[in-house]
Amino acid sequence: MKNFASSLNKKNKFLILGCGFSGNFFAKTIRHLGCTALTSSRSENNDPNNFVFNSENGIIPNKKIFNGVTHILSCIPPDKNGKDPVLGSLKNKLKNLSLEWIGYLSTTGVYGNTGGDWVSESDAPNPCQKRSQKRLNCEKEWIESGLPVQIFRLPGIYGPGRSTFEAIKNQKVRVIAKKNQVFSRIHVADITNAIIYLLQNKDSLEFHQIINIADDEPCSQIEVIKYCYELLNQKMPKPILFEDAKKDLSPIAQSFWIENRRVSNKLLCEKLGYELIYKSYKEGLRNCLLNI
Ligand SMILES: NC(=O)c1ccc[n+]([C@@H]2O[C@H](COP(=O)([O-])OP(=O)(O)OC[C@H]3O[C@@H](n4cnc5c(N)ncnc54)[C@H](OP(=O)(O)O)[C@@H]3O)[C@@H](O)[C@H]2O)c1
């Protein structure tokens, strides 16, 4: 790992609520650094470090899980009513702990559509999708909770096991062309590494409650797909115009194409000095290729 000024305090105990793609990567990395990390999922599994938390059926973690917890990372999306599942079930419990820090993974969807313009943390959120309004509501709930929360706004997350390579392999890739349309993205390792960098350098860096974690190079989806085919030494299928492809897309897939924005990482990478591991999709995809 790079970017660390010092090693993390090994006495830190992390709870990773929602151990999906990003949570799992974070938990593994933080354990490598010597910290304790327990993770949650909605149902039992064989991992001895995992416990069950499911706001949908009211299963909350046993009291013992919270003993000595210093840090929490929530990777759980809003529930169907737009409420935060963690705060809804555990707010009072969390308030009684001596927490140093809570990280909340949010989305850059809260910025809405900028017609391709850059957007940063100082821009007012302007969500245009229902799910992004729910997300903004959860951010507000966290901020108003009075807990020591830091919010990370993320664009499309990819990494080993979840990238365009898997879409190609599973014949799920759609090569769609839409003029001037760009997407921002972030490699899962940079989410973890940036958060750990901020924790490691907490005492010397100015605190920001909301931080974007995005790579340097928002670009069209076609560019990314083309690069994957090149790396695979295969020919990319002919692009379909968005207007023609639209009718076959699910409402959720269509909704991603309605928004067009470039997410700025200047706060994280210039002001706070974080150095991305994967500056663009090219470096990131070459890493993913090693794992397919
Ligand atoms: N994927 C993206 O491109 C993207 C982009 C921007 C932001 N985000 C947001 O960033 C966060 C992390 O993303 P991700 O893709 O790593 O997430 P993910 O893989 O979908 O994992 C989500 C986790 O939340 C848990 N969960 C969901 N609903 C829950 C509930 N009601 N009660 C308890 N646990 C619940 C899931 O439990 P199980 O393990 O049991 O399924 C899972 O562990 C999410 O909030 C996501 O919406 C994602």
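Which helix and which strands each supply at least two residues of the shell around the ligand? The contributors are helix H1 (21–32) and the strands E5 (101–107) and E8 (156–158), where helices (H or I, at least four residues) and strands (E, at least two) are DSSP runs, numbered from the N terminus. The model is a predicted one, in which local features need pLDDT of at least 70 and side-chain atom pairs count only at pLDDT 80 or more, while totals for chains, interfaces and linings use all residues. Residues are numbered from 1 along each chain as its sequence is written, and side-chain values use heavy atoms, with hydrogens and water left out.

A total of 23 residues surround the ligand, a residue being counted if one of its heavy atoms lies within 4 Å of the molecule. Phe21, Ser22, Arg42, Arg135 and Ile157 are the closest. Strand E5 gives the largest share of this shell, with three residues. Sorted by class, the shell holds 10 nonpolar, nine polar and four charged residues; here Ala, Val, Leu, Ile, Met, Phe, Trp, Tyr, Cys and Pro count as nonpolar, Asp, Glu, Lys and Arg as charged, and the others, Gly among them, as polar.

Arg135 places a polar side-chain atom 2.6 Å from a ligand oxygen, and Arg162 has one 2.9 Å from an oxygen atom of the ligand. On the side chain of Ser55, an N or O atom is 2.9 Å from a ligand nitrogen. The protein covers 78% of the 900 Å² of accessible area that the ligand has on its own, by the Shrake-Rupley method with a 1.4 Å probe.

Strand E1 (residues 13–17) comes next. Five of its five residues are buried, meaning under 20% relative accessible area with a 1.4 Å probe and protein chains only. Lys13, Leu15 and Leu17 lie on one side and Phe14 and Ile16 on the other, so that both faces are covered. E1 pairs in parallel with strand E2 (residues 36–41) over four bridges, pairing requiring at least two DSSP bridges, and Leu15 stands opposite Leu38 in E2. Four bridges also join E1 to the parallel strand E4 (residues 71–74), with Ile16 opposite Leu73.

Finally, two loop residues deserve a mention. Gln171, between helix H4 (164–169) and strand E9 (176–177), has a positive phi near 55° without being a glycine. Asn233, between helix H6 (221–232) and strand E12 (240–241), has a positive phi of about 60° and is likewise not a glycine.

Methods:
A polar contact is a pair of N or O atoms within 3.5 Å; within protein, one must be able to donate a hydrogen and the other to accept it, and residues adjacent in sequence count only if both atoms are side-chain atoms. Buried means under 20% relative accessible area, exposed over 50%, partly exposed in between (1.4 Å probe, protein chains only).
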